[in-house]
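Here is a short tour of the fold, meant to be read with the sequence and the structure side by side. Take it one heading at a time and follow along in your viewer.

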Amino acid sequence: MIRYEEQLPSEVLNILQSARNNSTKLTELIRQGGYVPPSMDLMIDAITTLAMGKNLLLKGPTGAGKTKFAETLSYLFQQPMYSINCSVDLDAESLMGFKTLAYQDEKQVIEFVPGPVTNAMTNGTFLYIDEINMAKPETLPLINGVLDYRRTVTNPFTNEMITAKEGFNVIAAINEGYIGTVPLNEALKNRFIIIDVPYIEGDQLKELIKTNTKLTDHRTIDLFVQLSADLIAAVNQGKLAEEAASIRALLDACDLSTVIPVKRAILRAIVDKLSEERERELVMNIAETLFP
Ligand SMILES: Nc1ncnc2c1ncn2[C@@H]1O[C@H](COP(=O)(O)OP(=O)(O)O)[C@@H](O)[C@H]1O
Ligand SMILES: [Mg+2]
């Protein structure tokens, strides 16, 4: 497991330490670390952004570790994190919460069950908004106010004005251009500091395979690192869709390959996710040259 504390410059560690949450509340919502950054600069910039109370947008292809990155920030700040998975079904209630009937001393009362936005704001925690550009454009303006420096929003269900407690911060993730997503509107994008999260390569990827998969054979690990490099090159040449080089899929293939033949592992974990025959053939050819 990567020891960030040993690799971060001391001034960043100082910023981090003074921004760290010392409360013992909601500690079950503090996530585990484990993100391997392509360079420490990414980590430094993300920590600085959050320590200054600014919103952070992680931008990159699927399986690049965006969620892992956000979880690692929760870990480094020791800050609990609520999260939202955006989809076209996401509505105001799934963000803010909803009203429900409850009993109090045998009397029926209307109770409000807070949603992730309300919870994160009132508790002063991180809020992770995954795939923010999957949400319907009409849902998102609701949280514009949340992202503003005012950190204030009116709960449409209770008409209560909520102002975020200190410590509240937003981390969002997007995969621009992916099917089903809409370009993030400028007003929203404008409220974030943006960090590009690429697929990791080379020695870092090698380390990740060693620590996160069951694969131990060094030669096979090296070949998987080469496979990933070849896939990324094909993506850059426009021959493959970006998600073909997903690190998530690669790690799955590494795991499977410890039991079933490597090429079949690659077929299941990587190739069968691709819809175009031309792309499938290309990946199988690359696999064939590495694992004849
Ligand atoms: N740079 C990385 N560091 C650590 N884990 C990674 C990295 N890239 C990919 N992974 C692993 O790949 C899988 C998918 O990562 P995830 O964070 O869900 O990606 P994303 O949110 O970008 O789609 C996870 O198991 C994660 O641990
Ligand atoms: Mg994710």
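## The protein as a whole

Of the 292 residues of the protein, 36% count as buried. Please keep in mind that this is a predicted model. The C-alpha trace spans about 70 × 45 × 40 Å along its principal axes, and the secondary structure comes to 13 helices and nine strands. Among contacts with a separation of 6 or more, 74% are between residues 24 or more positions apart.

The protein is divided into two domains: domain 1 covers 4-196 and domain 2 covers 202-290. Their C-alpha centres lie 31 Å apart. Seven residues from domain 1 and nine residues from domain 2 take part in the contact.

Five strands form an open sheet with parallel pairing, in the order 2-5-8-1-9. Strand 2 (81-85) and strand 9 (192-196) each have a single partner strand, so one side of each is left without a neighbour in the sheet. From one strand to the next, the twist averages 20°. Strand 2 and strand 5 (residues 126-130) run parallel and are joined by five bridges.

## Ile-174 and its contacts

Ile-174 has its place in strand 8. Is Ile-174 buried or exposed? It counts as buried, because it has 25 C-beta neighbours inside 10 Å, and 20 or more is the cut-off for a buried residue.

Which residues does Ile-174 touch, leaving aside its neighbours within four places in sequence? They are Leu-57, Lys-59, Glu-131, Ile-132, Asn-133 and Leu-184. As for Ile-2, it is 172 residues away from Ile-174 in sequence and 25 Å away in space, C-alpha to C-alpha.

## Two residues with positive phi

Most residues other than glycine have a negative phi. Asp-105 is not a glycine, yet its phi is positive, about 50°. Asp-105 lies in the loop between strand 3 (97-104) and strand 4 (107-114). Asp-105 is exposed, with 5 other C-beta atoms within 10 Å.

Glu-131 is another residue other than glycine with a positive phi, near 50°. Its loop runs between strand 5 and helix 7 (141-147). Glu-131 counts as buried, with 21 C-beta neighbours inside 10 Å. Glu-131 is also one of the residues in contact with Ile-174.

## Helix 10

Helix 10 (residues 218-236) has 19 residues. From its first C-alpha to its last, helix 10 reaches 27 Å, close to the 27 Å expected at 1.5 Å a residue. Its buried residues are Phe-224, Val-225, Leu-227, Ser-228 and Leu-231. They cover an arc of only 155° around the axis, which puts them on the same side of helix 10.

What covers these buried residues includes helix 9 (202-212), helix 11 (247-256) and helix 13 (277-290). The face of helix 10 turned away from its buried side carries the exposed residues His-218, Arg-219 and Asn-236. Following helix 10 comes Gly-238, with a positive phi near 80°.

## Helix 13

Helix 13 has 14 residues and reaches 20 Å from its first C-alpha to its last, close to the 20 Å expected at 1.5 Å a residue. Val-283, Ile-286 and Ala-287 are buried in helix 13. Seen down the axis, the buried residues of helix 13 fall within an arc of 100°, so they line one face of the helix. In an α-helix there are 3.6 residues a turn, so residues three or four places apart point the same way.

The buried residues of helix 13 pack against helix 10 and helix 12 (262-269). On the face turned away from the buried side are the exposed residues Glu-277, Arg-278, Glu-281, Asn-285, Glu-288 and Thr-289.

How values were computed:
Residues numbered from 1 in each chain as written. Chains lettered and ligands numbered in written order. Predicted model: local features only at pLDDT ≥ 70, side-chain atom pairs only at ≥ 80, totals over all residues. Helix = DSSP H or I, 4+ residues; strand = E, 2+ residues; numbered from the N terminus. Expected span 1.5 Å × (residues − 1). Buried ≥ 20, exposed ≤ 12 C-beta atoms within 10 Å, placed from the backbone. Arc of directions from axis to C-beta. Contact = placed C-beta atoms within 7 Å. Pairing = 2+ DSSP bridges. Axes fitted to C-alpha atoms, helices over the stretch in contact; angles between N-to-C directions. Domains from an automatic or database assignment.
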